[in-house]
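Dear colleague,

I am passing on the structure below, and after it you will find my notes on what turned up. Please read them alongside the coordinates.

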Amino acid sequence: AAEAAAEAAAEAARVKAEAARIEAAEKAAAEAAAEAARVKEVARVKEVARVKEAARVKEEAAKEEEAEEEAARVAAAEAEAARIEAVKEAAKEEAKEMAVRVAKAEDARAIVNRINAIWVDGQTSTQKAFTLLNKLNLFSSTDAEVRKMYQLMAMRIHPDKCDHPNAKVAFQKLGEAKKVALEHIEKHPRNPLQQQQQQQQA
């Protein structure tokens, strides 16, 4: 009986030890499972953060690209506005130049008309020249000034520059008047109009 009791006690001790070993193994397995779950969760959180960061970076890059495109559009719009403004300014300058050319052309035609109207029949060449020079304010007391004023007037009514049908005739008359005035100044070095007026008064 004592031997059987000893064997039973030994068996109970073995079973208890085995139960303790199994419990310890189960505990270790549970801890391992918990660690695996923790590691998995950490990995999931990191992956979520990575995906979010990638999305943020992509969105930021898209915003930067959109900002660059907008800046390019603004720069292009500003350049186009500057081009249009330059075209407008050029058009204004061209219009001014055209207005000046038209005014000069009209002025030249008016001078032609005045010369042809002043050149009155019944007068001598000298009288016609004096009358013409007086009306056009081309009198001067010096040879150089007469030539200068004649040149300015002649440049306006030259047939190559003035489209008036009688420009050639007026140009010839102006040249004749200049010639008479220069000859008179050479002989009488003072204002030829004063000389003529004195002669008429006498």
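**Notes on the model**

His 164 is buried, since its relative accessible area is 13% (buried means under 20% relative accessible area, exposed over 50%, and partly exposed in between, with a 1.4 Å probe and protein chains only). This is a predicted model, in which local features need pLDDT of at least 70 and side-chain atom pairs count only at pLDDT 80 or more, while totals for chains, interfaces and linings use all residues. Residues are numbered from 1 along each chain as its sequence is written, and side-chain values use heavy atoms, with hydrogens and water left out.

His 164 lies in the loop between α3 and α4, where helices are DSSP runs of H or I with at least four residues, numbered from the N terminus. The side chain of His 164 reaches the backbone nitrogen of Asn 166 at 2.9 Å, and, leaving aside neighbours within four places in sequence, His 164 is in contact (heavy atoms within 4.5 Å) with Arg 109, Val 112 and Asn 113.

Val 112 is also among the residues with the most contacts inside the largest nonpolar core, together with Ile 115, Ile 157 and Leu 174, and that core has 22 residues (a set of buried Ala, Val, Leu, Ile, Met, Phe, Trp, Tyr and Cys residues joined through side-chain atoms within 4.5 Å). At least two residues of this core come from each of α1 (2-118), α2 (125-135), α3 (143-157) and α4, and α4 gives the most, with 8 residues.

Helix α4 also holds Glu 183, which is partly exposed, with a relative accessible area of 39%.

Best regards

Terms used: A polar contact is a pair of N or O atoms within 3.5 Å; within protein, one must be able to donate a hydrogen and the other to accept it, and residues adjacent in sequence count only if both atoms are side-chain atoms.
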